[in-house]
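Me: I would like a close look at one residue and at the parts of the chain around and beyond it. Please keep to what can be computed from the coordinates.

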Amino acid sequence: MSFGTLLEAFLLGLLEGFTEFLPVSSTGHILLAGHFLGFESEGKVFEVVIQLGAILALLVVYFRRFFDVLITLPTSPRSRNFVFGILIAFLPAAVIGAFAHGFIKSVLFETPALICIMLILGGIILLWVDTLKVKPVHTDAMAFPPLLALKIGFIQCLAMIPGVSRSGSTIVGGLLLGASKPAAAEFSFFLALPTMTGAFAYDLYKNRDALNADDMTIIAVGFIAAFIAALAVVRGLIAFVSRHGFAPFGWWRIGVGGVGLVALALVG
């Protein structure tokens, strides 16, 4: 294992952490960057497992909120509604992801041009959504009705196509279904916890016999980098979205997707 490989893992980890909770598709960015760097991981496990670093950052930032929910769960209808909503929103991705895992990893993850196209299309959608003048009905992420949570859960499944963005799909879905921008972003944060943890556990199980010590070292480097970068993003994203909306992310996606398509046409 060379220093160059470790450096690539560290840079990809930073990229994961900075983009995981932004509506820009962290997986799409990592797969494109890995493609052009020539970075390879067994079964694309690296790209999924380092997301746990971002999840750890989420737990650190929202520790008090999660702890309060845990201790009030037996007595608080609001806490029970929150937990139930997150669980039913997670179910569609859990079921569909398990059945489509092989296709996602062997086909969708290996198609850089598709990733670029999805980045561009998602950017256009974000720009459109940012112009909508919809009066929000749901302003508290912990009080989303179960049916709303389930609908967001189905919309999240679109993010199994790399380049779509898990956070982008859930945030846009929430907005179109009547959630405010801060509430939609916060619910996306919360939903990331079971979704990404489940993906991590399932991927690690499926590839348990193929990983070696070098793989685990590379994953650990990416994990730490993702944790550090995600801390900064989680702390500031909701305030940024409240002030600036989603247009900056839309233009970013279009730029990255466009540059990616040009690079693929020039170098393959």
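In which helix is Val-60 placed?

Reply: Val-60 is in helix α4, which covers residues 51–61. Helices here are DSSP runs of H or I with at least four residues, strands are runs of E with at least two, and both are numbered from the N terminus. The model is predicted, so local features need pLDDT of at least 70 and side-chain atom pairs count only at pLDDT 80 or more, while totals for chains, interfaces and linings use all residues. Residues are numbered from 1 along each chain as its sequence is written, and side-chain values use heavy atoms, with hydrogens and water left out.

Val-60 counts as partly exposed because its relative accessibility is 41%; buried means under 20% relative accessible area, exposed over 50%, and partly exposed in between, with a 1.4 Å probe and protein chains only. Beyond its neighbours within four places in sequence, Val-60 is in contact (heavy atoms within 4.5 Å) with Phe-227 and Leu-231. Ser-167 is 107 residues from Val-60 along the chain, and their C-alpha atoms are separated by 19 Å.

Other residues of α4 are buried: Gln-51, Leu-52, Gly-53, Ala-54, Ile-55, Ala-57 and Leu-58. These buried residues pack against α1, α2, α3 (45–49), α5 (63–72), α10 and α11.

A pocket is found on a 1 Å grid over the protein atoms alone, as an open set of points where a 1.4 Å probe fits, with protein on both sides within 12 Å along at least five of seven lines; its lining residues have an atom within 4 Å of a point. The volume of the largest pocket is about 660 Å³, taken as the space filled by probe spheres set on the points. At least two lining residues come from each of α2, α6 (77–106), α9 (166–176) and α10 (181–206). The largest share, 8 residues, is supplied by α6. By type, the lining has 16 nonpolar, 12 polar and 4 charged residues; Ala, Val, Leu, Ile, Met, Phe, Trp, Tyr, Cys and Pro count as nonpolar, Asp, Glu, Lys and Arg as charged, and the others, Gly among them, as polar.

Outside four places in sequence, Ile-86 is in contact with Phe-187, Phe-190, Leu-191 and Pro-194. Ser-188 is in contact with Arg-166, Ser-167, Thr-170 and Ile-171, leaving aside residues within four places in sequence. The C-alpha atoms of Ser-188 and Ser-169, 19 residues apart along the chain, are separated by 8.9 Å.

The loops also hold buried residues. Gly-178, between α9 and α10, is buried with a relative accessible area of 7%. Pro-136, Val-137 and His-138 touch Gly-178, not counting residues up to four places away in sequence. Most residues other than glycine have a negative phi. Ser-25, which is not a glycine, has a positive phi of about 75°; Ser-25 sits in the loop between α1 (3–19) and α2 and counts as buried at 4% relative accessibility. Ser-165 is not a glycine either, and has a positive phi of about 90°. The loop that holds Ser-165 runs between α8 (146–156) and α9, and Ser-165 counts as buried at 2% relative accessibility.

In α12, Phe-249, Gly-250, Arg-253, Gly-257, Gly-260 and Leu-264 are buried. Seen down the axis of α12, these buried residues fall within an arc of 105°, so they line one face of the helix; the arc is that of the directions from the helix axis to the C-beta atoms. Trp-251, Val-259, Ala-265, Leu-266 and Val-267 are exposed on the other side of α12. The cover over its buried residues includes α2 (26–37), α7 (112–131) and α11 (213–244).
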